[in-house]
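Biologist: I have a new model on my screen and some terms to sort out. Could you go through them with me?

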Amino acid sequence: MFSNKPYRLPAEWEPQSGIQLTWPHAGTDWAPMLSEITATYREMALEIERCEPLLVVGPPSNDTWARDHAFISLLPSSDDGEALLLDFCFNGWGEKYPSDLDNALNARLYAEGRFSGRYADHLDFVLEGGSIESDGRGTIFTTSSCLLAPHRNQPLTRQQIEQRLKDCLYADRVLWIDHGRLSGDDTDGHIDTLVRICPDDTLLYVACTDPTDEHYAELQLMEQQLRTLRTADGRPYRLMALPLPHPIRDDDGERLPATYANFLVVNGAVLCPTYAQPDLDAEALGTVAKAFPGRRIVPIDCRSIIRQHGSLHCCTMQFPEGVLRNAQ
């Protein structure tokens, strides 16, 4: 049952009109490994195009993380309404990296007529697509570590930020996850690296069973908190654990934020990150398949993407049905 409001943020598994990829180029941090990352993006593009249209955004951009700089699209509650395209401020995850070109992309694409819907300027509020999850029925999931992080929306309080989310996203409630963060994550703990909402009030979440792992304590606390969460009608969520990949490190020995939670739902399929760890990859793919029965499960080797501290979902943004123009 949908919320009784004029707009809603649809769930990712609802029908889509297309996916955006912001393509790697020599002016990004991908320059030293441009050939390798381009091959991965081509694989993603081919798999997406098997399912739905693809919008490829070329230079100029600072980087390629479409999840965090692309439009967040709301659907109208009435059949005769038009979509609402929310353009939030992207400031490089709290002013960590240059973002001026990325932050201008939405207005440019809208002016080119790429989208159907009404443009909504929210550039006075920092919000990244990877920091929120929606069940499509008025509940938003987010993490306190990200939305309350420095250089995002200070001096707003948690209560004020929650109200802004409710107002902008026409949400009934916001569920905050207060624990869990992956080593090497420069987003300050995006929800799409930790916990994902799936059909039938199912939460897929990253679990750590190794007491010697640096993530163990925080992910145990996150799991405990997830057990306390309730749906809008008061029922506990169905919890399904995803394994934590074995450590993947960069050339300096620093651990990278590899996660199986960073999957992308497309029409008829789910694209899932893998990391050349056969047993864990297979376990994760099987768990995602149980959460999305009837969809093809497509593995994508994300060892190239993780070298820039992201994964598959971070590279993409989906648009609901009727939003991306010229999409059949």
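Biologist: Why does Leu221 count as partly exposed?

Modeller: First, a word on the source: this is a predicted model, where local features need pLDDT of at least 70, side-chain atom pairs count only at pLDDT 80 or more, and totals for chains, interfaces and linings use all residues. Residues are numbered from 1 along each chain as its sequence is written, and side-chain values use heavy atoms, with hydrogens and water left out. Now, buried means under 20% relative accessible area, exposed over 50%, and partly exposed in between (1.4 Å probe, protein chains only). Leu221 has 33% relative accessibility, so it counts as partly exposed. Leu221 sits in helix 7 (residues 216-228); helices are DSSP runs of H or I with at least four residues, and strands are runs of E with at least two, numbered from the N terminus.

Biologist: Which residues of helix 1 are buried?

Modeller: Ile37, Thr38, Thr40, Tyr41, Met44, Ala45, Glu47 and Ile48. Their cover includes strand 2 (16-22) and strand 14 (269-274), where contact means heavy atoms within 4.5 Å.

Biologist: What makes the protein chain as compact as a globular protein of its length?

Modeller: The chain has 8 helices and 16 strands. Its radius of gyration is 18 Å, close to the 20 Å that the globule rule gives for 328 residues, so it is as compact as a globular protein of that length. The radius is taken over C-alpha atoms, and the rule is 2.2 Å times the number of residues to the power 0.38.
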